[in-house]
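Dear colleague,

Please find the structure below, handed over for your reference. My findings follow it.

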Amino acid sequence: MKKVLVLLAVIFASVASYAQEATTTESWSGTLSAGSQKLNVCFVIETQSDGTQTCTMDVPEQGAKNIPVELIKNDADSLNISIPILRALYNGRKVSSEDIEGVFAQYGISLPLNLKSGGIELKRPQTPLEPFAYTTEEVVFKNEAEGAVLSGTLTYPVDFENYKNKSVPVVLMVTGSGAQDRNEEVFGHKPFFVIADFLAKNGIASLRYDDRGVGKSTGPVEGMTTENNLADAEAGIAYLRGLDKFGKIGVLGHSEGGTIAFMMGANKSVDFIISLAGGAANGIDLIVGQNEAILQQQGVPQNIASDYATALRIIYKDRADGKEVVNKAEYVEDICKANDLVLIDNLKANLVEVITAGEEWFTWFIRYSPADAIRKIKCPVMALNGNLDLQVLSKDNLPVIKSNLPKNKKNMVKEYDALNHLFQHCTIATAISYGAIDETISEEVLGDITNWINTIK
């Protein structure tokens, strides 16, 4: 199972493509399968005017594009590729001008990977297409205190000009962890774009914006934590209030954005909150639960997944307490021996990697408990989770929200059956196969969001 974990861990980051101008381009694509995991892989080969060839690798389901690879051989008979960043090799035999039979090898494990001529086309039927029946406006707002300039799209509802003044509610959208664009685009999906479109068709305005360092937004990014993202979101709310054209002003946050929504509620800066799979458990519980659930989903025996989670919890607790680790490998071995944990070498290697990974953002995250903020919220709250969410587990987070959220007859806390972290319909086997699922977000969830907002406006 580790073969898939390694692949997943590395290829999320996209890498810049070669700058040479190509005279011809050929593409070969196929599906890499390992148990429940299926990843579409595409090799793109560019031939320059002097005959020089370069090659890159795309994995659309993971948002990875232009991964640099080394083209060992590409002729009429064979395609042989080295992928240093994954420590992997692909060796294929061309059985026709349209087909290659081959093997993808990584860490001593070989998987069949047959390729066909051509690229990969992702189906995203919910992505809105022009012309739109509503108006959008490119806007800019600033977090003056931190020198951030945020660029976004303000979407007005259909027939906005015919609504009574200040009667239209507006929602600020806050993305999950990591630098993301205004559409929260991931694996070819654009969930915030889909939500904004649905809201506009149901009488609700929205503002979605690029995170710092993404798209048209600028500002310092080094050393950022959730608190900096909170400050940017607060600036967005202040901007919307300053326009003096909307009614109730709320926040809709996904994942880390959902946690930020709770923090904004505690600050009393918004009129209502929508948390989509927002983390409510403390950081250590959330990330440990996530890791254990994903390991089990990928077929790792429960006892091994549990031992890994135990070791991970100890490591993060030590990190939160400021413990310094001199020899990482010895530290992991000591934890395993002291707690009678049985882990294979690859899982131990993972633990070594996470000891200091993530720097400021992650250290802040594992020290933070949202429960204190949730207890201070006075405005209406809508908190949603899918029961197949393996990143923010509903069983660990919804009870924290329910037990700490002050009573309000307008609150709505709901768990959906068979929905994952992006609120896509799935099975346990496909729960984290976000890119392989055509649906961007459940229509039921979209309907619940708009209906709820329209009951509190």
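This is a predicted model: local features need pLDDT of at least 70, side-chain atom pairs count only at pLDDT 80 or more; totals for chains, interfaces and linings use all residues.

Residues are numbered from 1 along each chain as its sequence is written, and side-chain values use heavy atoms, without hydrogens and water.

An open sheet of mixed pairing is formed by 8 strands, in the order β10-β11-β13-β12-β14-β15-β16-β17. Strands are DSSP runs of E of at least two residues and helices runs of H or I of at least four, numbered from the N terminus; two strands pair if DSSP finds at least two bridges between them. At the edges, β10 (136-143) and β17 (412-416) each pair on one side only.

Within the sheet, β12 (170-174) and β14 (249-254) are parallel, joined over 5 bridges; Leu172 has Val251 in β14 as its bridge partner. Helix α12 (443-456) packs on the sheet and touches β12, β14, β15, β16 and β17, where contact means heavy atoms within 4.5 Å.

Turning to the second largest cavity, its lining includes Glu184, His254 and Phe423. A cavity is a set of points on a 1 Å grid over the protein atoms alone where a 1.4 Å probe fits but cannot get out, and lining residues have an atom within 4 Å of a point. Helix α2 (191-200) gives the most to this lining, with 3 residues.

Kind regards

Notes: On a 1 Å grid over the protein atoms alone, a cavity is a set of points where a 1.4 Å probe fits but cannot get out, and a pocket is an open set with protein on both sides within 12 Å along at least five of seven lines; lining residues have an atom within 4 Å of a point. Axes are lines fitted to C-alpha atoms, for helices over the stretch in contact, and angles run from 0 to 180 degrees between N-to-C directions.
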